[in-house]
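Trainee: Could you walk me through reading a structure, one feature at a time?
Mentor: Gladly, let us look at it together.

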Amino acid sequence: MEIRSSLREGLLTGVINVFLILLGLTVLAGTIIGNWLNLDSAALGAWLLLLSIALWGGARAGRCGLGGSTRDALLRGLVAGLCHGLLVAACIFVISAFAEGGADFGKSLVQLTREAVEIYTFNLGSGLGALVGLALFAVAGLAGAALATASVRYHWRDSLRARSQAARGRVRNVPAVRSFSEYRYSRVTVFAVAGIALLVVPLFLNRYWNQVLGTVGIYVMMGLGLNIVVGFAGLLDLGYVAFFAIGAYTVGLLTAPNPHGIMMSFWLALPIGVLVASLSGVLLGIPVLRMRGDYLAIVTLGFGEIIRILVGSMDLTSFTNGPRGISDIGGPSLFGFELTSMMNFVYLILLGIGLVAFVTHRLQYSRVGRAWMAMREDEDVAEAMGVFTLKYKLLAFAIGAAFAGLGGGLYGSRTQFIGPEDFGLIVSINVLCLVIIGGMGNIPGVIVGALVLKGLPEILRPLQDYRMLFFGALLIFMMIVRPEGLWPSKRRQMELHEQGEPHEFHTATG
């Protein structure tokens, strides 16, 4: 029996549980589950979370062996559970042994309290508690493989899928639903209802959550722009923050009293910022037209760093205010009313997202979008088929930069202050990650990616420093388990989705 895949699944799920233990998320989940079940202790909920992940790992390992015998599938699950258990039990033994020796984790692992350590060891001490944990994880892995085996043998998944399709069919056959689906403007109605819901939500949020929602919206705009460059055209751009900075600084220089005192209206400065960012995208695209892959990534990375250094340079203080940044940036006003509150900016950002999403959708299914996708699949073949790749590369850079400039202009006006430290490489990395995690080449995927990568860290803020550690673990987990993203395009899903599970199950022959 090939056990390499079983060891891999065990190590993967074991590392996930170690992260959860060190971050204190198991106790947090246990407390929540305990409140649901009216329990005073968080131990049951914490161990339910740990064992469910081990169960999942055993099921994944068992599915790898379903082409052979039942015994092989169960043995794979047991190996995955043992590997998982050894890793997590070693972690539990170490932290409990240190705790018994009087060690205080409060300075480095604030969530790893003495009560949490007692939950992991069942109050049995470091050695015996680790052994009990090892046994539980091994049983969980075996149970996961058994469930995977039974699912294939008795066609549980096919039965569930058939029932789900039947239920959807019954819902579609309801007279009201059928008449609505046949209605000419049904899709428009759905979008209208969703738009009304988005307009109502900010009214019930406080200033902090409106600020978080606005930040997520700005990253959605940038993600949609980078999605054109990376997801549609297949051009790896690591200097995307440069266009974000150009848009923000253009609006700041034109509307702020210092350093130039132009004091232009926001409504005039914003289109100028978008135009300047778009022209910058063209200027970047011209020298890199013949570059691909890693070379293109390095050049665009250098461009982003050049812009950041220039706006913070002491030699350009008279023009950009240098490292001091630009303050008192002008905001939007309408009929004499200042629209500078966080709630008003949420509405403005939602309007920008709607515009960007509409343009992106129209481009995706146009001749331009098809040319971009042909370039992404194989640039040489696309050029041989008559696609003028140089023109479409420049167009991708220009449109993507324009969207980033729009986000930068809104960002600068909302914060009323910008500085060189706001436009570091991490911004480009975040935008690229949300495009990949959400689903490259898909508009809803970019929105989901922004919610996960920018909204989730704010929800995890009570974990303070450890939220970013959890964030990094989530990225690794996604790349291993679902590389196509949370909501991929159909083409991207066909490219990266793993082969289907075996439909036949062979019993042991002896």
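Predicted model: local features only at pLDDT ≥ 70, side-chain atom pairs only at ≥ 80, totals over all residues.

Trainee: Which residues lie nearest the centre of the largest pocket?

Mentor: Look for Phe191, Ile353, Ala357, Ile443 and Ile447. They belong to a lining of 39 residues. By class, that lining is made up of 23 nonpolar, nine polar and seven charged residues.

Trainee: And which helix gives the most to the lining of the largest pocket?

Mentor: That is α15, with 12 residues. Helices that each supply at least two lining residues are α9 (186-200), α10 (207-232), α15 (342-364), α16 (367-377), α20 (443-459) and α22 (490-496).

Trainee: Both α10 and α15 are in that list. At what angle do the axes of α10 and α15 cross?

Mentor: Roughly 20 degrees, and the two axes come within 9 Å. An angle under 35 degrees counts as roughly parallel, so α10 is roughly parallel to α15. The crossing of these two helices is left-handed.

Trainee: Which residues make the contact between α10 and α15?

Mentor: On the α10 side, they include Leu213, Gly217, Met221, Leu224 and Ile228. On the α15 side, Val346, Ile349, Ile353, Val356 and Ala357 are among them. The α10 and α15 contact has 15 nonpolar, seven polar and one charged residues.

Trainee: Which residues of α3 meet α6?

Mentor: Among them are Trp47, Leu51, Leu55, Gly58 and Gly62. Their partners in α6 include Gly133, Phe137, Gly141, Gly144 and Ala148. Sorted by class, the residues of this contact are 13 nonpolar, five polar and one charged.

Trainee: Where does α2 come in, and at what angle do α2 and α3 pack?

Mentor: Helix α2 (residues 25-36) packs on α3 at about 120 degrees, with the axes 6 Å apart. That makes α2 oblique to α3. This crossing is right-handed. In α2, Leu25, Val27 and Ile33 are among the residues that meet α3, where the partners include Gly45, Leu48 and Leu49. The contact of α2 with α3 has eight nonpolar, three polar and no charged residues.

Trainee: Now the backbone. What should I expect before I check torsions?

Mentor: Most residues other than glycine have a negative phi, and most peptide bonds are trans. Two places here are worth a look.

Trainee: Which residues are joined by a cis peptide bond?

Mentor: Asn258 and Pro259, with omega about 10 degrees. You will find Pro259 in the loop between α11 (241-255) and α12 (266-285).

Trainee: And what is the phi of Asn123?

Mentor: Phi is near 60 degrees there, a positive value in a residue other than glycine. Asn123 sits in the loop between α5 (114-121) and α6.

Key. Residues numbered from 1 in each chain as written. Heavy atoms only, no water. 1 Å grid on protein atoms, 1.4 Å probe; cavity = no way out; pocket = protein on both sides within 12 Å on 5 of 7 lines; lining within 4 Å. Helix = DSSP H or I, 4+ residues; strand = E, 2+ residues; numbered from the N terminus. Nonpolar A, V, L, I, M, F, W, Y, C, P; charged D, E, K, R; others polar. Contact = heavy atoms within 4.5 Å. Axes fitted to C-alpha atoms, helices over the stretch in contact; angles between N-to-C directions. Parallel < 35°, antiparallel > 145°, perpendicular 65-115°, else oblique. Left-handed = near helix turned anticlockwise from the far one by under 90°.
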